[in-house]
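Please look at the sequence and the model together, and follow the paragraphs below one element at a time.

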Amino acid sequence: MTATPGKPTMVDVARHAGVSLKTVSRVVNQEPHVSAALRQRVRASISALGFRRNEAASRLARGATMLTLGLIMENISNEFYSRLAKAVEAAAAEHEALVVFGSYEERPERERMLVESMYARGVDSLIIVPSPADHSWLAGHPGLEAVFVDRLPPGLDGADVVALDDVRGGLIATEHLLARGHRRIALISDDDGLSSVHDRATGYRTALGAALDESLVVRGVFDPWRVSREVERLLGLPSPPTAFFAANNRAAIGILQALRERPERPAYVGFDDFALADVFDPGVTVVRYDVDRLARGAVDLLLDRSGAGRRVKIPVELVARGSGEIPPP
């Protein structure tokens with residue numbers, strides 16, 4: 001049996017599975033008194049039809065308030081986070097849900113304060129870009145539903161996470177530079193206590209293999225001006241790098257700043273696309289991904305209470321614009 005035209009409803013699911021509407025409702029709302037066989041049949045029909053419960057409408061039907069989701073990020077001034085916020089808001093709107101935002105500005109204690117403040121105000125469904133601090137304290141909030149985006153939360157086993165394929169991103173960026181003849185490739189990265197940073201570095205190291213030179217690895221730089229200083233330092237070495245892999249958009253911008261008035265023309269590849277990346281001469285070669293898909297994956301996991309410890313991996317791709325194609329001198 002095929003899905004009916006338009007957005008599938010629970011009636012469509014019941015018809016497809018050959019069960020009563022009440023049975024579908026019990027499965028969707030995770031109520032007891034449904035056999036394992038019936039539950040499996042209903043879930044198969046839900047998957048086949050692409051049915052998605054309107055969580056907001058469900059809450060209103062139970063006499064609850066309008067569903068409000070919380071989004072807690074590192075720093076909304078960073079283009080990645082502003083794009084993520086916009087995409088989460090759009091994905092939540094499909095469920096008639098509201099979104100409130102909070103930015104902890106690289107301070108783990110503020111992250112915890114934001115979580116507990118939202119929770120105390122009835123916002124118990126959160127999407128969190130976690131800091132590198134321990135998150136085991138979240139286990140003390142049994143009514144809190146959380147999905148983590150971009151990174152794994154340290155100290156919290158069994159968390160739902162939507163992340164990029166960071167290992168592959170670091171791998172394809174470095175392999176791209178190697179294919180152009182570069183062998184001395186520097187890595188400019190953020191805090192390697194973050195799973196995303198660690199995984200991008202893992203891809204970089206895997207691609208280089210025995211050619212890896214640890215003196216060309218820079219960790220823990222957050223701001224473009226600090227990146228610029230590190231790039232200048234590396235280019236001043238007796239045997240400088242001929243190429244760079246920037247593990248985030250801020251690092252790529254720092255490389256651009258460092259190279260403005262220098263005679264060298266090293267190649268570089270960034271991770272994260274950013275505005276005007278294709279306007280520079282040469283354009284900035286980047287590893288990019290679909291932010292909308294990242295946000296939708298997080299919202300869908302948050303509103304689907306059917307499991308725990310789920311992992312969604314968002315694919316990445318390399319976009320060549322010129323900076324990553326410069327040959328070594």
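Which residue in E7 is the bridge partner of Ile-188? In this model, which is a predicted one, the partner of Ile-188 is Val-218. The two strands involved, E6 (residues 185-188) and E7, pair in the parallel sense over 2 bridges. They belong to an open sheet of 6 strands whose order is E7-E6-E8-E9-E10-E12, and the pairing within this sheet is mixed. Its edges are formed by strand E7 (217-218) and strand E12 (317-319), each of which pairs on one side only.

Two helices can now be placed against this sheet. Helix H7 (residues 166-179) lies across E6, strand E8 (243-246), strand E9 (267-271), strand E10 (285-288) and E12, and runs at about 165° to E9. Helix H10 (residues 249-259) also packs on the sheet, where it touches E6, E8 and E9, and its direction makes about 155° with that of E9.

The model holds 3 aromatic pairs. In one of them, the rings of Phe-80 and Tyr-81 have centres 4.9 Å apart and planes at 70°, and because an angle over 60 degrees counts as edge-to-face, this pair is edge-to-face. Phe-80 and Tyr-81 are both buried. Another pair, that of Phe-271 and Tyr-289, is tilted, with 6.2 Å from centre to centre and 35° between the planes. This pair links distant parts of the chain, since Phe-271 lies in strand E9 whereas Tyr-289 lies in the loop between E10 and helix H11 (291-303), 18 residues apart. Phe-271 and Tyr-289 are buried as well, and together with Phe-80 and Tyr-81 they form one aromatic cluster. Over the face of Phe-271 lies Arg-200, at 3.7 Å from the ring centre.

The largest nonpolar core has 50 residues, of which Leu-69, Leu-84, Val-88, Ile-127 and Leu-294 touch the most other members. If neighbours within four places in sequence are left aside, Ile-127 is in contact with Gly-70, Leu-71, Ile-72, Val-88, Val-147, Val-149, Ala-298, Val-299 and Leu-302.

Methods
Residues numbered from 1 in each chain as written. Predicted model: local features only at pLDDT ≥ 70, side-chain atom pairs only at ≥ 80, totals over all residues. Heavy atoms only, no water. Pairing = 2+ DSSP bridges. Helix = DSSP H or I, 4+ residues; strand = E, 2+ residues; numbered from the N terminus. Contact = heavy atoms within 4.5 Å. Axes fitted to C-alpha atoms, helices over the stretch in contact; angles between N-to-C directions. Phe/Tyr/Trp six-rings, centres within 6.5 Å; stacked < 30°, edge-to-face > 60°. Buried < 20%, exposed > 50% of the residue type's maximum accessible area, 1.4 Å probe, protein only. Lys NZ or Arg CZ within 6 Å of the ring centre and 35° of its normal. Core = buried A, V, L, I, M, F, W, Y, C linked by side-chain atoms within 4.5 Å.
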